[in-house]
Amino acid sequence: MSKTTATASRRKRRAERRATADYTGGVYGSMLAASVVIGAGTLGSFPRTELVVLLLLTGVVFWIAHVHAQLFGARLAQQTPDRHLVLHVCRDEWPIVKAAVPPAVAVAVSPLLGLDLRGAGWLALCVAVAGQVGWSLAAARRAGASPRLMAVTASVNLLLGLLIIAFKIVLKH
């Protein structure tokens, strides 16, 4: 196979994956990251580092849980998992982890922005909510939703994000 043919084949496979992508994991992962930020009120000696690690590890743990549920829940009844299916499910659920990265990066760069730990938490929370809205818009767009339906999904996810922010305000940390 020539280099040009191999490149074209890879591009075609990536386009097919994008066309069938499911972004619900990204929405879920963003909500999860926002919840982690809220729940991380008392961290130890290195709070920023611990919050970054907590965000990323929580994303990975929930990704593993979702992969497990997909492989050994409904799919096991339909077919025995093979390597191809396992990789497919792992890739499909990966947006859960990807959604944890922007809030973790926000915490990591917060000192460069002159933010204290409280400010870093708020920045991470806002980034997670923005990600939640963004992932929902990407999912709606991919599904061919009308502009009106895209506005509805963005609004619902923004309201859910604001609800999470309200929890943070009530918890006062």
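Predicted model: local features only at pLDDT ≥ 70, side-chain atom pairs only at ≥ 80, totals over all residues.

**Entry 1: two helices side by side**

I started with helix α3 (residues 47-72) and helix α6 (residues 95-109), whose axes come within 9 Å and cross at roughly 180 degrees. Over 145 degrees counts as roughly antiparallel, so that is what α3 is to α6.

Next I looked up who makes the contact. From α3 I listed R48, L51, V52, L55, L56, G59, V60, F62, W63 and H66. On the α6 side I found I96, V97, A100, V101, P103, A104, V107 and A108. I sorted the residues of this contact by type and got 15 nonpolar, 2 polar and 1 charged.

**Entry 2: helix α2**

I checked the length of α2 (residues 24-39) next. Its 16 residues, at 1.5 Å a residue, should span 22 Å, and I get 22 Å between the end C-alpha atoms, so the two agree.

Which residues of α2 are buried? My list reads G25, G26, V27, G29, S30, L32, A33, A34, V36, V37 and I38. I then asked what these buried residues pack against, and found α3, α6, α7 (117-142) and α8 (147-171).

**Entry 3: cysteines**

How many disulfides are there? I count 0, looking for cysteine sulfur atoms within 2.5 Å of each other.

C90 has 18% relative accessibility, so I put it down as buried. C126 comes out at 43%, so I noted C126 as partly exposed.

Methods: Residues numbered from 1 in each chain as written. Heavy atoms only, no water. Axes fitted to C-alpha atoms, helices over the stretch in contact; angles between N-to-C directions. Helix = DSSP H or I, 4+ residues; strand = E, 2+ residues; numbered from the N terminus. Parallel < 35°, antiparallel > 145°, perpendicular 65-115°, else oblique. Contact = heavy atoms within 4.5 Å. Nonpolar A, V, L, I, M, F, W, Y, C, P; charged D, E, K, R; others polar. Expected span 1.5 Å × (residues − 1). Buried < 20%, exposed > 50% of the residue type's maximum accessible area, 1.4 Å probe, protein only.
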